[in-house]
Amino acid sequence: QVQLVESGGGLVQAGGSLRLSCAAYGSILRINTMGWYRQAPGKQRELVAAITSGGDTNYVDSVKGRFTVSRDNAKNTVYLQMNSLQPEDTAVYYCNAEVISAIDFIGLAYWGQGTQVTVSS
């Protein structure tokens, strides 16, 4: 079994910064793409940023130039550095990882528990 544990959310004023972390624990052979999604009240969950095992990244247009996704493969951890935060960034942020099991070599997608990010104006 694999578990993703998130940390780093909170309340910040507009223009401020936060850094989210998500660590994967369990019987892990390899992790492919890791990413961050968010869901605001009344809206669908959307992909914010993703990073492959090789370091290729992609971002939703609304965060380009403000957010940076990175990962530490040795620690099975993905980060999301969020700068110049705006009220419209307020949402619950979820990490996601495509994990290849070290037990049965099957790949599955796992989700973190979610962390609240609130940006006040």
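This is a predicted model: local features need pLDDT of at least 70, side-chain atom pairs count only at pLDDT 80 or more; totals for chains, interfaces and linings use all residues.
The structure holds one disulfide, which is formed by C22 and C95, with their sulfur atoms 2.0 Å apart. Because the torsion about the S-S bond of C22 and C95 is about 45°, this disulfide is right-handed. C22 belongs to strand β3 (residues 18–26) and C95 to strand β9 (residues 91–101), so that the pair ties together parts of the chain that are 73 residues apart in sequence. Both cysteines, C22 and C95, are buried.

Strand β3, which carries C22, is paired with two other strands. With β1 it pairs in the antiparallel sense, over six bridges, and within this pairing L4 stands opposite A24 in β3. Strands β3 and β8 likewise run antiparallel and are joined by six bridges, with A23 standing opposite T77 in β8.

The largest nonpolar core contains 29 residues, of which L4, W36, F67, V78, L80, M82 and Y93 touch the most other members. The elements that give two or more residues to this core are β1 (2–7), β3, β4, β5 (46–51), β7 (67–72), β8 (77–82), β9 and β11 (115–120). Among these elements, β9 gives the most, with five residues.

R38 lies in strand β4 (residues 28–39), and its relative accessibility of 6% falls under the 20% cut-off, so R38 counts as buried. The side chain of R38 is joined to that of E46 by a polar contact of 2.7 Å, and a polar contact of 3.0 Å joins the side chains of R38 and D89. When residues up to four places away in sequence are not counted, R38 touches Q44, R45, E46, V48, S62, V63, F67, D89, A91, V92 and Y93.

Notes: Residues are numbered from 1 along each chain as its sequence is written. Side-chain values use heavy atoms; hydrogens and water are left out. A disulfide is a pair of cysteine sulfur atoms within 2.5 Å. Helices (H or I, at least four residues) and strands (E, at least two) are DSSP runs, numbered from the N terminus. Buried means under 20% relative accessible area, exposed over 50%, partly exposed in between (1.4 Å probe, protein chains only). A polar contact is a pair of N or O atoms within 3.5 Å; within protein, one must be able to donate a hydrogen and the other to accept it, and residues adjacent in sequence count only if both atoms are side-chain atoms. Contact means heavy atoms within 4.5 Å. A nonpolar core is a set of buried Ala, Val, Leu, Ile, Met, Phe, Trp, Tyr and Cys residues joined through side-chain atoms within 4.5 Å. Two strands pair if DSSP finds at least two bridges between them.
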